[in-house]
Every structure is written in C-alpha cells, then in structure tokens.
Amino acid sequence: MNRRDEIQNLNEAMREASNKRLYERYLAVRLYLEGHTFTEIGTLLNRAYQTISRYWTTYRKNGLEGLELDHSPGKPVKLTDVQLDELANTVEKKQPADVGFEAHYTWTLQLIADWIEREFKQRYTQKGVSKLLQRLGFSYTKATYTLANASAEEQEEFRTNTFPALKKQLLEGEIDHLLFEDEAMIRAYQALQYNWFRKGQQRKIITTGKHEGAKLFAAINYETGHITHREEEQCDVNAFLRFLGDILEEYPEGKIFMVLDNSRIHHASQLKPFLDKHKRLHLVFLPKYSPKLNLTEGLWKWVRQDVINNVYFKKFYRIRLHVSKFMKRLNASPQKVIDRLLVRL
C-alpha cells in the first residue's frame, strides 16, 4: 500500500472513531506519514516523544488494528515502595525533559502516566495518576515566585532572633511603639480579580487605559493594629521624611522602632540629620528581598481587594478618597487588622 492510500485509510478511520484517544492515535500516524517529526507531533498533541514513537511502531507492526484501544485491564498493579519513591522523587525534583521527554518542562498527568509505563511497564489512566499523586502527598497548586537573591539564612535569623528580641523589648517596656512600614503604588488602572457574577453576565470594567497613580506610605502598629498612612505624588526621600514627621506626631512620646525594607530611600544620606535630631526613632531593616516578612505588604493586598480592583474611577481623586475611608474604617476596628495582618510572624 502506498503512502497516499495509507493516509486515505487513516482519514476514514478518523471519521468513524468515536473515542478521542483512538482518534488521536490515527492523527499522530497520519501526521508522521505527511512528513512531521515525532517531536512536532508530540508538541501538537501534548504527548511525549516516546508516546508518538510507540504509536508509529505499533502501526507499522499491526496496522490500524494495532492502534485500537486495549480493553481496560482493570485496577492497575500497585507499584512497589521503591518504585513509588522513584516516582515521587522524579516529579518533585526533575523536569520531564530531564528524563527523556524532549521539550517538555512541566509535568502533566499524561506525561507521568507515560513515564510510569515506560519505567515500570504499568499502565495508569490520568485519573489513576491523579489519585496516586495525592496518596504520595502531592497537590495540584500554582507555582509561586521567590526572589532569587533572598537569603534563607538571613530570613530565618530575623524570624527566630531579631523579631522575637523586638517583641521582648516591647513587652518589657524598652520599646514603646513597634511599627512595620512600607510603600505602595496605587494606580487608577488596577488589575481585575475573581468575583461572583451571574453566569453569562460577567461584569465589564470601564477603563481609560491611563496609568495615573498615587504613592502610599503606611505604618502599622504591631501592638495596637493602628495604621498611619500618607499619600504622596512621588515616592522619594523627601516624601519619606514627611511621613516620618507624621509618625512622630502620631506618637509624640516614647521610643519608636520601625521595621522596614531596604528601599533606596530608606538608606538615603538625607535621613541621617533627621534621625540624629529625633533619636527616639530607630529604623530596623529587614533582610534584603524579603517582602513576606513585612507585615504591611498584606495591607496593600487588602486595599486592592476591597477598594481598587474591579472598580472604575472616573476621577483619580476618588481613589484617594476611597483609600482614606478604607484606612479610617480599619482604624475603627483595629482587632481586624491584628487578626488579618499581624499574626503572620
């Protein structure tokens, strides 16, 4: 049979196929006959190189009948403890490309099923693989970013030594006010977020596409939950100095320790005369690249969720008004601030 006839037979088989996987096998073989490589076909069908190769080998040996789906073998044979350990270690520590699945860098259920069949000669469905992974302690979760230059040792030092020492000083009266400070940019054109909508009636948020914004400074009192905030047009050292003036007015007496990140404005030389003049104000710097250790970071997420996201503000000053009202509402219920933001450390 020549190649043209083979392709015609495959087209007819594809039209009659009622099973998606069987259709896929026919399609893979047809694409190979048309001149595509196993790698190209695997990328198109989201299958491993070895899977496409196996389809072709089966077809050459047994024809169309060889591609027909086998009857379900029933419950798969259990993998041994050694095999389970190898599976868990492979999924956790390696990418598919590391173990022979060319150009695949994220594990899918089908890739794992193909790997199990290749390594252990045991066939699993995608559902079976999902249950197997759950039993091994895996869950289907989205990856998260972490800053490459962060020092885990320095972060642990802050959690286990620096911060407990600050709390002890606060408890013993050596510190009168312990604050966490941070800055954020609030834009008129904010991100969308998930919300509840009626089916088929997804809310459309009007936007001008402009990127106006205000810079917010905020400090949270670790002991009381009280928030001091300031809005500025620029996030520079002069704005930061004005905010420190607000802090001194907010707390006219007592020693103030303010925990903050390593932003350039926090280390500016212009701060030295101010801090020399107001010796009761002390800055405590977090480890570099450690935003999760700054309790004020959660405040910005709260602001965006409750006030900014999914809302169109025709005039930018309306955002600033809403933010001010939001801060006032939180200061009227400081226990909510403590429960949501200040129990993370």
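Analyst: A residue counts as buried under 20% relative accessible area, exposed over 50%, and partly exposed in between (1.4 Å probe, protein chains only). The model here is predicted: local features need pLDDT of at least 70, side-chain atom pairs count only at pLDDT 80 or more, and totals for chains, interfaces and linings use all residues. Residues are numbered from 1 along each chain as its sequence is written, and side-chain values use heavy atoms, leaving out hydrogens and water.

User: How many salt bridges are there?

Analyst: Side chains of opposite charge can pair when their charged atoms come close. A salt bridge is a side-chain nitrogen of Lys or Arg within 4 Å of a carboxyl oxygen of Asp or Glu. By this rule there are 12. One of them joins Arg54 to Glu117, with the closest N and O atoms 3.8 Å apart. That pair links distant parts of the chain, since Arg54 is in helix H4 and Glu117 in helix H6, 63 residues apart. Helices (H or I, at least four residues) and strands (E, at least two) are DSSP runs, numbered from the N terminus.

User: Where do Lys272 and Asp276 lie?

Analyst: Both are in helix H10 (residues 271-277), four residues apart, about one turn of the helix. Lys272 is exposed at 53% relative accessible area, while Asp276 is partly exposed at 37%. Elsewhere, salt bridges that share partners join Arg230, Glu232, Arg242 and Asp246 into one network.

User: Which side chain of opposite charge is nearest to Lys215?

Analyst: Lys and Arg count as positive, Asp and Glu as negative; His and the chain ends are not counted. For Lys215 the answer is Glu233, 8.5 Å away, and Lys215 is buried yet has no salt bridge. Lys215 belongs to strand S2 (residues 213-221). Its side chain does reach the backbone oxygen of Glu233 at 3.5 Å. Contact means heavy atoms within 4.5 Å; leaving aside residues up to four places away in sequence, Lys215 touches several residues, including Ala184, Met185 and Cys235.

User: What is the phi of Asn46?

Analyst: Most residues other than glycine have a negative phi. Phi of Asn46 is near 60°, a positive value. Asn46 sits in the loop between helix H3 (38-45) and helix H4 (49-67) and is partly exposed, at 39% relative accessible area. Lys121 also has a positive phi, near 60°, in the loop between helix H6 (109-120) and helix H7 (126-135). Lys121 is exposed, at 65%.

Conventions
Polar contact = N/O pair within 3.5 Å; in protein donor to acceptor, adjacent residues only side chain to side chain.
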